[in-house]
Amino acid sequence: MHTLADKPKLAFYWCAGCGGCEESIIDLAERLLSLHEKADIVFWPVALDARHRDVEALKDGEIDAVFINGAIRLDAHAKRVKLLRRKARLVLAHGTCAHMGGVIGLANLHSTRQMLECAYRQVPTLSDPNSPLPGDADKMPPEAPLLPDLLPAVLPLEKIIRVDAVIPGCPPPPETMDGVIEDIVHGHLPEKGTVFAHRKALCHECPLRSSKPEKIEITHFKRLFEIHWDPEVCFLSQGLICLGPVTRGGCKARCLQANMPCRGCFGPTEKVDDFGAGAMALIASMMAGKDESELLETVESIPDPAGLFYRYALAASFLGKGVLS
Amino acid sequence: METPPNIREVRVMCSGQVGPDMILKAFTAGADGVLILGCEPGGCHYREGNVHAIKRSLLVQAVFEQTPVHKKRVHLDWVSAGQGERYVQVANKMVASVRELGPLTADLQERGAHLGR
Amino acid sequence: MNRRILIDPITRLEGHGKIDIRLDDAGNVASVFFQVPDFKGFEKFCQGRAAEEMPTLTQKICGVCPTAHHIAGVKALDDLFGVTPPKAAQTIRELMHTAFIFEDHLLHFFYLGGPDILVNGAAQDKPCNVFAAVEEVGKAMGDRIIRIRKKVRALNALISGSALYPVCGLPGGVSKPVAQTSRERIVKTTAEALEVAIQVLNFFHEKVEHRQPFKQQHNDPNFSLQTYYMGLVDQKGHVTFYDGKLRVISPAGETFALFPAQAYLQHLKERTAAGTYMKPLYLKKIGWKGYTEGPDSGLYRVGPLARLNVAKGMSTPLAQLEYERLFNAVGEKPAHNTQLYHWARLIEVLYAAERMVALSHCDDLYDSRVRRLPTHSPSEGIGVCEAPRGTLIHHYQTDERAIVQRLNLLVATQNNAGAICLSVEKAARSLIRNGIVTDHLLHQVEMAYRAYDPCLACATH
């Protein structure tokens, strides 16, 4: 389908990302070299010298597929992804931040004012209430270019543009990236709405699944630094919170392989909209006892429920809409 | 006494059926508060559905406490089938409580409709 | 005619940035602004989080150097709880960290800034990128570098879950021991890493050091900055990545300060500047004197060249020979030319590989006692390590339930922020004259920051 003169055009872009999703592609290793033969990567700032103006010069729909990672944090991100949406036939939300906002969505528990005050005035190495803030127009040198502003809240990609497919994971496994890219390059485009992960929960691929009991009853949740646990036995049955039962599989249980519990980076299983709601239902179902005051103690044994249940998914939730300044 | 007009009733077979997802959906759909009414402990037709309701509401409130959404916007109470007067009392109390908190948008930022798609 | 040149975005580094150059009527540089348009606010939204989640939470600052954050974070937890990990855990963590630096430095050399000196793009009219770099070094060496990165990252996955997302760090140790059955594989991989490190350095000496553009640029004063330098040193004053004391030297090479990371607040300060989100760090005792160099400026540098400058040598034999070779070639110590970062980085690749080999033979590595439970109540902890790009400090304050109340993150490239801006300005001013602006000249301006291997998501967090 694709001849040398007609190589498919790909682009990889990052919004408020961390580079981890770029690494998930670089980890294609030698297969990245063969990708270079088969496709024309028109924009990938981490690895190539194409500039924004080169993308602007492309025709609408000229890019066959763009992989966008990172959450929408700045107004510039929103503008940039709208442009990429026009220039590309297919848009894939690459990684947890693009999918659900990612950990930086936890910023939505605070106002942007509070965030800026903390970083640019309050931290002990600064400790200056009169320090300028980055966006202070009156303090900016005249030659400074326009500084993008924080949006009132971090947003997942689909809140700004139409997303054709999602590759979950923080970051997604390189094997998954390889498969998705390879298919696209050979003209097998994903169906709209495809999520490149398992449909079922992580428990199905967890090495500890045979030790997961039918019924789990916990009166007091333990913290990871409080106990030694049995590495061959389900975390939940030992009173340690693991979000595997409410998280999509597809990662080969990589955290479990390191003897640590799942924190939900692949997002909710099919048909569940709000990851945190699913996590709350899971944990509630494991709480033992009937007495309200005892149950309250059980809840209080979880140190940071919002941070734990919504670590990756706050920006995609109603609870993560953002705070008035 | 009359039931306040701003209550939208959603009937379920048991308070134990009301999951955190339903609670959140109600807010997304426009509710400023969610009142869950079940049969009092010991009186559950399905044995322990109401205990599940307690567990969930405690957990949801613990999460809300960390977010801008006030935890009093979710409330679990016991009203059984024949307790008409008690129902009105509890409902009015909830409405007053939520009214005091203000609309949900008082807690939360609008998500920036101007960004659009 | 007031011309404006915009390099947007800057490329082949981690993170967002743009360089805005304004020319005056004569066509010379009037101003240069290096803007970092990125901010996430980890120092705020990590407040309220459970301390044990911090090593995996803070590593979301950067997916290129997650392991560095993981290590600094877990060391901060050790300090927070007042718990000393067993020897096996320290060894595992040091191997993980060293192996990570090995492959991350090679990432830079091959994929990011390295192509600038590997591929003489201007002369050959070629794009500068990893694909051109592979052509330049030849398929055999290209494959070897790509494969060893893959193997070393797989090794880290074995230890920590994933090179992309390590999870094994806990206060008082790590979550899982390294099995005896892995010994053979670890010994083999680290030995191969050493072979590749030697080959890469030899290639550098034969094919890069005396050829353009490196040949000219590493002697070019327009690419030099006389600054202070900072890095971790061990008890013998050698370069160390995992633990040690921070040593600061003056531009003339005299010891300016030597302190444990716990005392960082007495020595380091940061500031904000309107127009950019990156906060440069500077030496508190000297103060901020603007984007200037010299002994009166509080600007200092970190990272490979800085670490070699502050150290008395390398603790492994082959790296020590290369260290001596570099300073003999330069003729002075400290060395100030920024392009020497590329060379210093390869020496660190060699040191890392030698250290990995040594650790792979350590019986401690395979001991099953990898965790000690904390017994003290938590309150405050500071953890330090050398990330590939520079000194990294995590500082957490918690309540007695180990919920983070406040935190402070001093992240690698932030230490270089002032110097990066100055380097770019200096290069632009010297290269762009009389209104002549070419792609080749702008490429050289970009070389001024790429040598640092900046990580701007880290620098802004």
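This is a predicted model: local features need pLDDT of at least 70, side-chain atom pairs count only at pLDDT 80 or more; totals for chains, interfaces and linings use all residues.

Mentor: Gladly. In helix α7 of chain C, residues 130–137, the buried residues are V130(C), F131(C), A133(C), V134(C) and V137(C). Buried here means that 20 or more other C-beta atoms lie within 10 Å of the residue's own, while 12 or fewer makes a residue exposed and anything in between partly exposed; the C-beta atoms are placed from the backbone. Helices are DSSP runs of H or I with at least four residues, strands are runs of E with at least two, and both are numbered from the N terminus.

Looking down the axis of α7(C), the buried residues fall within an arc of 160°, so they line one face of the helix. That arc is taken over the directions from the helix axis to the C-beta atoms. An α-helix has 3.6 residues a turn, so residues three or four places apart point the same way.

The cover over the buried residues of α7(C) includes α4 (87–110), α5 (115–118), α8 (139–160) and α9 (183–208) of chain C, together with α2 of chain A.

Residues are numbered from 1 along each chain as its sequence is written, and chains are lettered from A and ligands numbered from 1 in the order in which they are written.

The helix from chain A leads us to the interface. There, 68 residues of chain A are in contact with 71 residues of chain C, contact meaning that C-beta atoms, placed from the backbone, lie within 7 Å. On the chain A side, the elements giving two or more residues are α1 (20–26), α2 (30–38), β4 (72–74), α6 (112–122) and α8 (254–257). That side divides into 43 nonpolar, 13 polar and 12 charged residues.

Chain A also holds an open sheet of 6 strands, paired in parallel in the order β2-β1-β3-β5-β7-β8; two strands pair if DSSP finds at least two bridges between them. At the edges stand β2 (40–43) and β8 (194–195) of chain A, each with a single partner strand, so one side of each is left without a neighbour in the sheet. Strand β1 (residues 9–14) of chain A is joined to β2(A) by 3 bridges, and L10(A) has I41(A) as its bridge partner in β2(A).

Methods: Two residues are in contact if their C-beta atoms, placed from the backbone, lie within 7 Å. Ala, Val, Leu, Ile, Met, Phe, Trp, Tyr, Cys and Pro count as nonpolar, Asp, Glu, Lys and Arg as charged, and the others, Gly among them, as polar.
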